[in-house]
Every structure is written in structure tokens, then in C-alpha cells.
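Subject: Structure handover

Hello,

Here is the structure you asked for. My notes on what was found follow below it.

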Amino acid sequence: MDISSYHGVMVFAEQRNGHIQKVTFELLGAGRAIADKLAEPLFAVLLGHQLTTQHSADLIAHGADQVIVVDHPYLADYRTEPYTKALAQIIDQVKPCIGLVGATTLGRDLAPRASARVKTGLTADCTALEMEDGSRNLLMTRPAFGGNIMATIICPEHRPQMATVRPGVMRKLARDEARQGEVTTFDVAFHEEDLSVEILETVIEQATLKNIEEASVLVSGGRGMGNAENFDQLRKLATSLGGMVAASRGAVEAGWVPQDRQVGQTGKTVRPDLYLACGISGMIQHVAGMEESGYIVAVNKKADAPIFEHADLGIVTDVNRLVPALAEELRKRSGE
Amino acid sequence: MNIVVCIKQVPDTTEVRIDPATGTLIREGVPSIINPDDKAGLEAALALKGAVGATVTALSMGPPQAEIALREALAMGADHAVLISDKRFGGADTWATSITLASALRRLGFDLILCGRQAIDGDTAQVGPQIAEHLGIPQVSYVSEIQKVGDRLQVKRMFENGYQRLSVPMPCLLTVLKEMNAPRYMNVGGVFDAFRAEIPVWTVDDLDVDRAQIGLKGSPTRVKKSYTKGTKSAGKVYEVEPQEGARIIVEHLREKFII
């Protein structure tokens, strides 16, 4: 492999039902920074059917220099083979130095297959990406052992250097309509056998399937929420943070939330990136289920609540007034 | 139907502790288990065997002690077990691992390959799809139900916000979720037989595999460094009005790139 012929950064622009996924814009933000450091272009690969110019415009406004589009009926719904074929052929033709894919349930199916087809390495679920000083190595950092260990991986002699990137970690750029970019179409010769896997049924269920162990953000409430109405406020907050509601045993016993949301010794062990404990005192049985969380914020009106000993950030205040204020603050900031 | 289930022996991560002095994993005394997603794959294979008839082979790659995981698979009801073990496979990343497993799978023959979605020590979810690519067969990952219908399989494929029902031709590879079933226990008679069974150990010399593509040398990716997240220092606590508290939280979350 002549690695010197590989240039630029390529982002797989994941769309589902015509909606470009949030992680795509995050990858463009991260990819833009790397491309600028290399002084090379940022490509976005958009696969699908009946795509519009607006899709490409959105990708350019968020940082892409060139959008490479394959629009074909075989790409209408995600299937491993046609998507792999298209992505691998584009990689072989464009020869990017770096290839980034969102670590979604789609990206984690596509990226290993496509990277194997173009005979390169792949690093899973990265949470940090940067160029090594003085080389063209991408430093890909990822958690292992359930987050106990961080490892920085390189792929020195193969190209592209490919990574899947955990959603919600990278920063997207503010939309810039003035940004200029090029849109090109790419032809892929598909065959009937590419569709050997048949889709019988597709069912969209809003978040009901996810369990709290998989959420990257948990807004968790305890007895200190006081009543079911107050507890419901946590759901809005969780939604605005892209997370789920969890609870202490007290809140479950009070009947405010089903048992499958319970964190702790008699509930589930969770390790989200953010655990926001609202009105939870922090008994050892609860802490055992969440102490490995990436970042713990505790809100409680009692300054001596044990939860504060485990929190990275503690706020002593009336939680039921803080929750709506926080939702409002987040809404304001997201508009910036 | 020939089903091969790929299983990995992993340390029970709920027991993993970090040595505060060296910052490395304490593996001593940590029990090893069959990776939970893989064990679900084994259960799925045994369920298919019960429903439509199949020969189930458990395949593992690892150090000699991975044999224990294979004996557990036999005791649960697997018909055969094979261990791939050779120092020359050591240090393999997911590419080199999948190349090695694919060559063993070619030797074994298969109609269906079941892998766990991901292992709890590495969490990559890559080896299954990479094997499927090396073998040139269809794959479906994140599978939570499997049924044989005619000469094809009908599977339920989970997404973040829903699922698909897919019909897949065989041979194929599926990666499965531990939520799909509750693995059976080893049966008493099975345990006895399993611990007497001869488990073949395949080395590099037993496989038709490109030696340039195995082990550390054949791995495109390298660990540059690894470290533990610094031990937690006591967090800051602010006693403030709710409005101010909300502002402080947002500020900290932005600083930590959480929002």
C-alpha cells in the first residue's frame, strides 16, 4: 500500500429516512479541524435514494469541502452490502488519509465491513481524535474495559486510517450558509445479489427499546423530587440532553417510574458519560450502580447528602426549581 | 445445519480493578467468563439445534486457558469445540483476529456463524463483520431473534430507535445481543463429559492463513499508549440559587464537551 497517495479526510454522512443524523455533523466538525491541520480537503460521502440538494448543502454548511453522492434505489434503506460496496469503491477512488464513521448501530455494522474490504485497520468508538505532531498518524483514543482504561491507537502503515466515533462527543460547527463546496455524483454498478438480505419490515419506536445501560446521558431522580409531576420534569430535561430518565429505588417504590429504570445494587449498573442525580441522597446501594459514570452532577437541597462525595459537580439548591431552569438554560445555549 | 459459534473468554469486567500504584488492570484472581453476547449466541445456536436440528461447534481463539470457556460450551450442549491457540497469533487487532478466525471457519465449514455483538473487554463489535467480509458472506449485526424459515433465516435486527425484520440467505454470519435470551446452565452429565472431552488445538500450522496478516505483525492498528482515567478528586460543590446552579451546570458540561 503506497500510503503517500492518500489525502484528505472522509466522513460517512449517515442519513436515515432522508434525515442526516446528528453524529454526521459532529464528525464534520472533528474532520474539519483535522483537515485544516493537514491543509487537505474534507469529503462527505452521502449514500441514499431520492436525496436532495438540501442534504448536500447542509453538509457543506457544516464543514464539508466536497460531497460525494451515490443516489440509487438499492441505497434507499440501509443494507450492509450495497452500502459497503459504495463506500469501499469511493474510498478506493478518492484515497482519503482518514475515514470517519459514526459509532451508531448502523455505522458499527458498515465500518468494519468496509474497512476490511479496503484492507485497512479500524478503531472503534473513539472519543478523541487528533493528529500526532510531526507525522501523518491520527491518534485515536477510545475507552476499553467498560471505560476503566483509555487507549490511544494508531494505524501507521495502512490507509485510510479509519475510526468509528461515539455520537455526542465531537462538536459540530455552527451552520455557515456562506461556506462553499462542491457536489459530485459517483456511480456504483450494483448487482441483484447485493440485495440478498431482504427487508421484511421496518419498525420505528421512539426510544422505547433502549435500556438505561446504553444511554450516554442519564437524568436520574430520587425521592427528593417530591411527587410524580416533578419527576415528569426530568423527562423533558433528559430529552433536551439526548438522554434517558433513570431513578433511585426510592422513586421507583413511590411509583413515579418503572422498575427497569432503577439504578443501584438491586437495579442496574450504568456508566453513562453524564449522570445527573436529582434529589438523590446517594445511599451506597445507589452509588454502586453509577459511580463509574464519566461525569457525575448531583443536585440536592441537603448539603450533607452523601451523593456529593461521589459527584464531580455538586449544586446545593432546590432541585425542583433547578430542573426547569436548567432545561431553559440548555434551550438558550442550543440556539446560539 | 452446521452452526459455528465464536466465543471469547474475557475477564469478568464487573470484577476488574485498577492498581492505583501502576494504573494497570489487576487481572489476578479475576474470574474469566464466556463473553455475555457470545454466550447468547451459543444459546441461540442450541435453541436452533433443538428446534430444527443442527450441529453446533464452539470456536475460540486465545491463550491455552480459553479451553475452559470451550468446556463450558460443551457442557451447555455444543457438539464440538476447537481452540485456536499459538503465540504467533498474539497481539492481534480485530483485523488479524478476524483473518485468523475466518481461516479456521473455512476449515470447519458452516451454514451459519454466530458471534456476540461485542466483547466486554474491547467493546469493538468489529470482529464479526470483518470475518463475514473475509468469507464473502452476508452479515446482520445487532440481532435479537433468529428463526429458520425454509432455507433462509428470519432475524430481528435492532436499531437505536426501532428494529427491522430481515430474511437472510445461508451461509451467513449474525452478531447477537445478550438481551435475546437467557443462556441455559451446564447440565450435570454434560459437565462430566465436557471435562473429559479432547479439544483440538489449532496452531498457525493447522490453518491456511497468510502469516504476514496474523498476530501483532499482521495488525494494521497499534496501541500507542494506554492509561487509566485519573483517579477522581473530590468535586466542587456550590450552594447557590436554582437559576445560578443551572448556569454552573451548563458551563461545566460545555467545558467537558458533554453538550
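Start with two strands in chain A. Strand 1 (residues 9-13) and strand 4 (residues 42-48) of chain A run parallel and are joined by five bridges. Phe12(A) sits opposite Val45(A) of strand 4 of chain A. Helices (H or I, at least four residues) and strands (E, at least two) are DSSP runs, numbered from the N terminus. Two strands pair if DSSP finds at least two bridges between them.

A note on the basis: this is a predicted model, where local features need pLDDT of at least 70 and side-chain atom pairs count only at pLDDT 80 or more, while totals for chains, interfaces and linings use all residues. Residues are numbered from 1 along each chain as its sequence is written, chains are lettered from A and ligands numbered from 1 in the order written, and side-chain values use heavy atoms, with hydrogens and water left out.

**First sheet**

In chain A, seven strands form an open sheet with parallel pairing, in the order 7-11-6-1-4-5-12. Strand 7 (122-126) and strand 12 (182-185) of chain A are the edge strands, each pairing on one side only. Neighbouring strands are turned by 20° against each other on average, direction ignored. Helix 3 (residues 80-94) of chain A packs on this sheet and makes about 155° with the direction of strand 4 of chain A. Axes are lines fitted to C-alpha atoms (for helices, over the stretch in contact), and angles run from 0 to 180 degrees between N-to-C directions.

Strand 14 (residues 217-221) of chain A runs parallel to strand 15 of chain A, with four bridges between them. There, Val219(A) stands opposite Val245(A).

Helix 4 (residues 107-117) of chain A and helix 4 (residues 127-135) of chain B have axes that come within 8 Å and cross at roughly 40°. The two helices are therefore oblique to each other (under 35 degrees is roughly parallel, over 145 roughly antiparallel, 65 to 115 roughly perpendicular, the rest oblique). Contact (heavy atoms within 4.5 Å) involves residues including Arg108(A) and Asp109(A) from chain A, and Glu133(B) and His134(B) from chain B.

Best wishes
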